[in-house]
Amino acid sequence: MNAPFSINRRHLLQRAGFLALCFAIPLNPARAAELPGDLKDTPVLSAWLRINADETVTLMIGKVELGQGNVTAVAQVCADELAIDMARLKIISGDTELVPNEGVTAGSQSMPNCAPAVQQASAEVREILLGLAATKLGQPADGMKIEDGTITAANGKSVTYWKLLSGKELEREATGTAKLRPISEHRYIGKSIPRLDIPGMMTGAAVYVQDMKPKGTVYGAVSRPPTYGAKLTELDTTAIKKMPGVIKVVHNGSFLGIIAEREEQANAAATAMGKAAKWKVDKLPTGTEGIFDWLTSAKSDGKEILTKPRSGGPAPAKVLKATYLRPYQMHGSIGTSAAIAQLGDDGVVTIHTHSQSVFDTGEAIAELLGIDKKKVHCIHVQGSGCYGHNLADDAAADAALLAVAVPGKPVKLQYTRAQEHEWEPYGSAMVIKTEAGVDSSGNVLDWTLDLWSTSHGTRPNGKAGNLLSGLYLKKPFEQPVPENGGPPNYSADRNAIAFYEFPGQRVVTHFI
């Protein structure tokens, strides 16, 4: 790596860290939508790091582990910047009461956003510790060296991190201006480090929420409507309540749930309730019947997301056209979504969930339950990994709806394969029309792409109307009108812009 690139790279890391520090705001999530600059609500350093008396460091992050290894990667960054052994790190991720709100874990944003914030926070904590060591040892900080949390001055005197902090030294605003350690001093960044969660998986520890079974656990299940938009017209639950193990039937509008002593009892009762229920059902198309014609004829918001006319040159020797149809796509998860929820004596609903958006999901569930968002505590636990959006948020919401019906009892809910596959957020159907003008050698001169699609994003975003069960309560929530996430990688525009430098290009998204 040559010097100029190294300097530019470090400047970019510094700037990225500053922006990430600005955007990760644990006490006021709404600030994440504001432009950086006003640091009035910038989180304090202790939002990320604690130096513990037992000679460990607690790292707290808002991003969560989905099987991609990002928690281990961020731990590498923290350990290198603090100059400690990774074995000293205790990591808390995705706990809405303890960690900074760093948004949704999606779109490959953990390393661009979370890691620079952790790096800057760690660098600033290290500088504070060096300053404290200089005072304690009576030596200048410039000549000090750090090895695994032990600071040694030029005269040989030393002190450890664990002996320097007395209380609130880290209760100060992050500035994002600390000097980063030289790349030559890194022990972990850029190295192949075994993932921190793998040993638990290999030894049978309860790594996944599906494995958890708190003391006193009861089991929940839901009975979905036959179609979207169906309304419950009649239901006799007398026989259901007498089924083996049934503790409670939860009936709220068109939302139907069961709480039972065992999982198979809950599922059996939910199935029986589904057969007993009568519904008003609107006819739906089967398969992809008419969907592609509907996409191209429905009212849409047409927007040129790339326009680059070709300047001069010969007319194309040939024009090639093609249309591609993408039907709805199912994840087909092997491991179905699950959650555990419990209503405590303090009125707080604690939810163990594999949601990718614990803060937004918690806020949506609070609206669903009609309680203050501070009364919903989401704790991330690994679950079935996914590419895109699965039913984790809905499992958390359904478990919460059932848990409030049996205060004090942990309610575990895991969807059946049929429920997961029928009701998960499918990948959207799309129509793509392409046109390429080529020269006599087949080189592309002009490239045109038109794309028709609905939204690819139905994450909770703090709204109960984006949770399935929110649509079926006695007082249903209205589903928000989807918005287009924007190019080049999100929502309807995903991957529409080619990675080729064609002389002329035009890309249009028709967002429905």
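# Briefing on the predicted protein chain

The protein chain has 10 helices and 20 strands; helices (H or I, at least four residues) and strands (E, at least two) are DSSP runs, numbered from the N terminus. This is a predicted model, in which local features need pLDDT of at least 70, side-chain atom pairs count only at pLDDT 80 or more, and totals for chains, interfaces and linings use all residues. Residues are numbered from 1 along each chain as its sequence is written, and side-chain values use heavy atoms, with hydrogens and water left out.

**Whole chain**

- The C-alpha trace spans about 85 × 80 × 45 Å along its principal axes.
- Of the 512 residues in the protein chain, 48% are buried (under 20% relative accessible area, with exposed over 50% and partly exposed in between; 1.4 Å probe, protein chains only).
- Among contacts (heavy atoms within 4.5 Å) with a separation of 6 or more, 74% join residues 24 or more positions apart.

**Helix 2 and helix 3**

- Helix 2 (residues 70–82) packs on helix 3 (residues 110–137) at an angle of about 25 degrees, and their axes are 8 Å apart. Axes are lines fitted to C-alpha atoms, for helices over the stretch in contact, and angles run from 0 to 180 degrees between N-to-C directions.
- The two helices, helix 2 and helix 3, are therefore roughly parallel to each other (angles under 35 degrees; over 145 is roughly antiparallel, 65 to 115 roughly perpendicular and the rest oblique).
- Helix 2 contributes Asn-70, Ala-73, Val-74, Val-77, Cys-78, Glu-81 and Leu-82 to the contact. Helix 3 contributes residues including Met-111, Cys-114, Val-118, Gln-119 and Arg-126.
- By class, the contact of helix 2 with helix 3 holds 11 nonpolar, 4 polar and 2 charged residues. Ala, Val, Leu, Ile, Met, Phe, Trp, Tyr, Cys and Pro count as nonpolar, Asp, Glu, Lys and Arg as charged, and the others, Gly among them, as polar.

**Helix 8 and its surroundings**

- Helix 8 (residues 358–369) has 12 residues and reaches 16 Å from first C-alpha to last, close to the 16 Å expected at 1.5 Å a residue; the expected span is 1.5 Å times one less than the number of residues.
- Helix 8 is mostly covered, with 9 of its 12 residues buried. Among them are Val-358, Phe-359, Gly-362, Ile-365 and Leu-369.
- These buried residues pack against strand 15 (349–353), strand 16 (376–380) and helix 9 (392–403).
- Gly-370, which follows helix 8, has a positive phi, near 70 degrees.
- Helix 8 and helix 9 pack at an angle of about 35 degrees, with axes 10 Å apart, and helix 8 passes helix 9 in a right-handed crossing.
- Thr-361, Ile-365, Leu-368 and Leu-369 of helix 8 meet Asp-393, Ala-396, Ala-397, Ala-400 and Leu-401 of helix 9 in this contact. The contact has 7 nonpolar, 1 polar and 1 charged residues.

**Two loop residues**

- Gly-69 lies in the loop between strand 2 (57–61) and helix 2, and counts as buried at 10% relative accessibility.
- From Gly-69 to Leu-196 there are 127 residues in sequence and 8.3 Å in space, C-alpha to C-alpha.
- Ser-254 sits in the loop between strand 9 (246–252) and strand 10 (255–260), and counts as buried at 8% relative accessibility.
- Leaving aside neighbours within four places in sequence, Ser-254 is in contact with Ala-230, Lys-231, Leu-232, Trp-279 and Tyr-472.

Methods. Left-handed = near helix turned anticlockwise from the far one by under 90°.
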